[in-house]
Amino acid sequence: MQEIQSACAKLAGHPESDVSKLALLIANADLRRDLEHDNEIVAKDAKLSTAKVKLKVMKADNRLLRAQLNKSQDMQFGQSSEKIPKKRKKKKGDDDDTGIGGTSPDGGNPNAGGDEAKPETGKPKPRGMLGRQAITIPANIPRDKATISPPNGSICQCGCGMVQIGEQTIERLTYVPAQLRVIEERYPKYVCRDCDKIVQAPVPKRAFEQTRFDDHLIAGLAVSKFADYMPNYRQEQIFKRSGVQLHRSTMGRLMDQAVDALLPLYDVLNDDLKSSSKLLMDETTLAQLMPGTGKTKTCFVWALCRDDRRWKGNAHPGVAFHFKQSRKGEHAEEILDGFKGTLQVDGYAGYNRLTSDSSDGGPINLAYCWAHVRRKFLDVHKATKSDKAHQVFMLINDIYAIEHDLKGQPADVRRAVRQVESAPLVTQLQLLMLRLSGEISMKSTLGLAISYTMKLWDGLTVFLSDGRVEMDNNAVENTIRPIALLRKNALFAGSEIGGRNWAVMASLIGTCRLNGVEPYAYLTWVFEQMAEGHPRSRYEQLLPWYCPNGKFGIE
């Protein structure tokens, strides 16, 4: 190129104008060719760089999609438990007494934390029962006693009388199927022939008047559906086996009447829960039938729970469900109207509006759930086999191991131990995630898990300064399980009134379950009190923990 340009420069000084013009044209053409060549190289380099960037993005997207696919396969075919296999016990002569990575078997075991954990005892399980469990028969179960004497009675074969020296008692647990009976009440009429006065006994008051169905039957229908998860059409089939035609629509009307009577008691339960200073809240889906379309829409059941038994609180445990049309945060604000204190929730952003100073009653302090955080990193580890995710997961398990030993301790003790033992581990976990966030892409599965955790960090550390707060909201999630079981069997609520019935009945029966009260005994007791004219101003005396019947219920 330089030689061509120098030759053209010499020819440009030629006396003939045609030669000089031709030299100028040649020089310009050579320059254009060189520029086009350079531009082509630059364009190719740019395309190559763009292709490399696209390839990196595609690989990152591929890893993310692969992780999501592995998570979906694990959810469908894998075990749902977050526990990892227990470490093998060291035999005599083993050199290493610690677990993998220098973590002790108790500290690194996720079984030591959470609700499902059981303490390590080191004692072998008792053997000889061949897998059978001891049967506990409570004293309230009726007993049909029978004495079976020898064929000859107390007379010996030699003809002498025998003396009883003892007896052997054998107990068998049997089952008597439910029976339908008709209560036939007769009211004789008497007349005085002298004064023509007619006397007849008044009809006893009942909780539900103007119906041929007894209060006990209505209570049984409610328990079968909301405690035993039996939808109306299955109960209809059971009644048909006894020759009784009780249509499911009739059951629906009876439930409407029962819930209408129980609504004041349901409101009292909500007020009692909101008078506490610490509650748990969660929500789950429930389909509602859209009339005339044959389709359903997704609604939500919000659960408000109180369970202070883990820190020996004085308040009785209870749960109240609320059926709402959506998952908007305004529903949570409406449900918690009048509540002041700490609310334990998951990471759903709809709860953030509760922390606003403009909300009625002032801001609510939100405490977030560590179980959701731990599940994030466990899913990453299962999907990608990431050692970094496993490191975070095991560190969270170490914090859970401390919580396991604090179960049942007073709030002051829990707070003191957490400040000494749990706080350093929480600080170590925060530093670890800050370091990892600078080493990895925050758009990866591990980066998303770290971003989720750091976004909720202030709420995750509330349990360190408040001994009443749990590490997770598993307590309220356990109360939602009956809703999920009934949803699986009944599929949907027939209307908004039907969803309300679900919420009210599930609240009272769920509170019975938390307090160890048999729900049928409770509902029949409440209906009896209503029939006797119990004043609504004292309905707090009808809450499940005041029920004198059915205390033999097992939670």
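A residue is termed buried when its relative accessible area is under 20%. In this predicted model, Asp-466 has a relative accessibility of 14% and is therefore classed as buried. The side chain of Asp-466 meets that of Arg-468 in a salt bridge, with an N to O distance of 2.8 Å.

In total, 17 salt bridges were counted. One of them joins Lys-388 and Glu-439, whose closest N and O atoms are 3.7 Å apart. Lys-388 belongs to helix H8 (residues 387–405), whereas Glu-439 sits in the loop between helix H9 (411–437) and helix H10 (445–455), so this pair ties together parts that are 51 residues apart in sequence. Both partners are partly exposed: Lys-388 has a relative accessible area of 31%, and Glu-439 one of 46%. A further salt bridge links the side chains of Arg-418 and Glu-403, at 2.8 Å from N to O. Because Arg-418 lies in helix H9 and Glu-403 in helix H8, the pair ties together parts that are 15 residues apart in sequence. Arg-418 and Glu-403 are both buried. Elsewhere, Glu-236, Lys-240 and Arg-248 are linked in a network of salt bridges.

The loop between helix H3 (215–226) and helix H4 (232–241) contains Pro-231. With 4% relative accessibility, Pro-231 is buried. Beyond the neighbours within four places in sequence, Pro-231 is in contact with Asn-489 and Ala-490. The C-alpha atoms of Pro-231 and Ala-490 are separated by 5.3 Å, although the two residues are 259 residues apart along the chain.

On the surface, a nonpolar patch is formed by Ile-135, Ile-141 and Leu-173, which together have about 310 Å² of accessible area. Leu-173 is placed in the loop between helix H2 (17–77) and strand S1 (189–191), and is exposed, with a relative accessible area of 59%.

No disulfides were found in a search of the whole structure. For Cys-192, the nearest cysteine sulfur is that of Cys-195, 3.4 Å away, and Cys-192 is in no disulfide; the cut-off for a pair of cysteine sulfur atoms is 2.5 Å. Cys-192 is partly exposed, at a relative accessible area of 29%. Cys-160 is also partly exposed, at 44% relative accessibility.

Residues 507–545 are listed by UniProt, in an unreviewed entry, as "domain: Transposase IS66 C-terminal". In the model, this span of residues 507–545 is 54% helix and 0% strand, and its end C-alpha atoms lie 13 Å apart.

Notes: Residues are numbered from 1 along each chain as its sequence is written. This is a predicted model: local features need pLDDT of at least 70, side-chain atom pairs count only at pLDDT 80 or more; totals for chains, interfaces and linings use all residues. Side-chain values use heavy atoms; hydrogens and water are left out. Buried means under 20% relative accessible area, exposed over 50%, partly exposed in between (1.4 Å probe, protein chains only). UniProt positions are given in the numbering used here, feature names are shortened, and annotations may be inferred rather than shown by experiment. Helices (H or I, at least four residues) and strands (E, at least two) are DSSP runs, numbered from the N terminus. Patches are made of residues with over 30% relative accessible area and no salt bridge: like charges are joined within 9 Å, nonpolar side chains (Val, Leu, Ile, Met, Phe, Trp, Tyr) within 5 Å. Accessible areas come from the Shrake-Rupley method with a 1.4 Å probe; for residues, only the protein chains shown count as cover. A salt bridge is a side-chain nitrogen of Lys or Arg within 4 Å of a carboxyl oxygen of Asp or Glu. Contact means heavy atoms within 4.5 Å.
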